[in-house]
Amino acid sequence: MSIDLFPRKPVVSPEQLQQLKDWLYEILQIDRHTIISINQLQCQDSGCPPIQTAIAVMTSPHRIIRIHKAIPDIAYTDVVQAIANPNPNPNR
Ligand SMILES: [Zn+2]
């Protein structure tokens with residue numbers, strides 16, 4: 001099996017990014033001026049798609065949310081789940 005060290009990151013439109021942020025503001029019920037940083041990163045976990053999304057919410061304290069999907073694949077329910085259960089894998 002070959003290992004793709006540099007999987008292509010899916011292209012994300014500004015609309016997709018904004019949608020994800022809108023959901024985060026809504027679900028977390030935080031101020032719209034709160035900075036949210038969203039990055040697509042490689043995920044090394046077995047059984048995971050090669051790209052995960054790391055979301056940093058600059059509240060105090062900061063909040064890091066990981067979703068094991070690329071941004072275009074993230075649905076509203078994924079965000080709800082990731083927030084409700086931020087660390088589903090106790091081995092990490
Ligand atoms: Zn993953």
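This is a predicted model: local features need pLDDT of at least 70, side-chain atom pairs count only at pLDDT 80 or more; totals for chains, interfaces and linings use all residues.

Modeller: Setting aside neighbours within four places in sequence, Ile55 is in contact with Leu24, Ile36, Ile38 and Ile65. One of those, Ile65, is also the bridge partner of Ile55 in β3. Ile55 belongs to the largest nonpolar core too, where the other members are Leu20, Leu24, Val57, Ile67, Ala70, Ile71, Ile74, Val79 and Ala82, which makes 10 residues in all. At least two residues of this core come from each of α1 (14–28), β2 (51–57) and α2 (76–84). As a general point, nonpolar side chains in soluble globular proteins tend to be buried together.

Now the sheet itself. How many strands does it have, and in what order? There are 3 strands in an open sheet, ordered β1-β2-β3, and the pairing is antiparallel. β1 (36–42) and β3 (63–67) are the edge strands: each has a single partner strand, so one side of each is left without a neighbour in the sheet. From one strand to the next, the twist averages 20 degrees. In general, the strands of a sheet pair through backbone hydrogen bonds, either parallel or antiparallel.

Take the two pairings in turn. β1 and β2 are joined antiparallel over 7 bridges. You can pick out a couple of the partners by eye: Leu41 has Gln52 as its bridge partner in β2, and Gln42 stands opposite Ile51 in β2. β2 and β3 form a hairpin, with 5 residues between them.

α1 lies across β1 and β2, and runs at about 120 degrees to β1. α1 has 15 residues and reaches 21 Å from its first C-alpha to its last, close to the 21 Å expected at 1.5 Å a residue. In general, an α-helix has 3.6 residues a turn, so residues three or four places apart point the same way. Just after α1, Gln29 takes a positive phi of about 55 degrees.

What about the stretches outside the helices and strands? Arg8 sits in the segment before α1, and it counts as exposed because it has 9 C-beta neighbours inside 10 Å. Arg8 and Ile51 are 43 residues apart along the chain, with their C-alpha atoms separated by 8.5 Å. Ile51 is the β2 residue that stands opposite Gln42. Next comes His33, in the loop between α1 and β1. His33 has 7 C-beta neighbours inside 10 Å, so it counts as exposed. Between the C-alpha atoms of His33 and Met58 there are 9.8 Å, and along the chain the two are 25 residues apart. Then there is Ala75, in the loop between β3 and α2. Ala75 counts as exposed because it has 11 C-beta neighbours inside 10 Å. Ala75 and Gln19 are 56 residues apart in sequence, and their C-alpha atoms are 9.8 Å apart in space.

To put this part back into the whole chain: the secondary structure comes to 2 helices and 3 strands, which follow the pattern α-β-β-β-α along the sequence. Of the 92 residues in the chain, buried ones make up 12%. Among contacts between residues at least 6 apart in sequence, 41% join residues at least 24 apart.

Note on methods: Residues are numbered from 1 along each chain as its sequence is written. A nonpolar core is a set of buried Ala, Val, Leu, Ile, Met, Phe, Trp, Tyr and Cys residues joined through C-beta atoms within 7 Å. A residue is buried if 20 or more other C-beta atoms lie within 10 Å of its own, exposed if 12 or fewer, and partly exposed in between; C-beta atoms are placed from the backbone. Helices (H or I, at least four residues) and strands (E, at least two) are DSSP runs, numbered from the N terminus. Two residues are in contact if their C-beta atoms, placed from the backbone, lie within 7 Å. Two strands pair if DSSP finds at least two bridges between them. Axes are lines fitted to C-alpha atoms, for helices over the stretch in contact, and angles run from 0 to 180 degrees between N-to-C directions. The expected span of a helix is 1.5 Å times one less than its number of residues.
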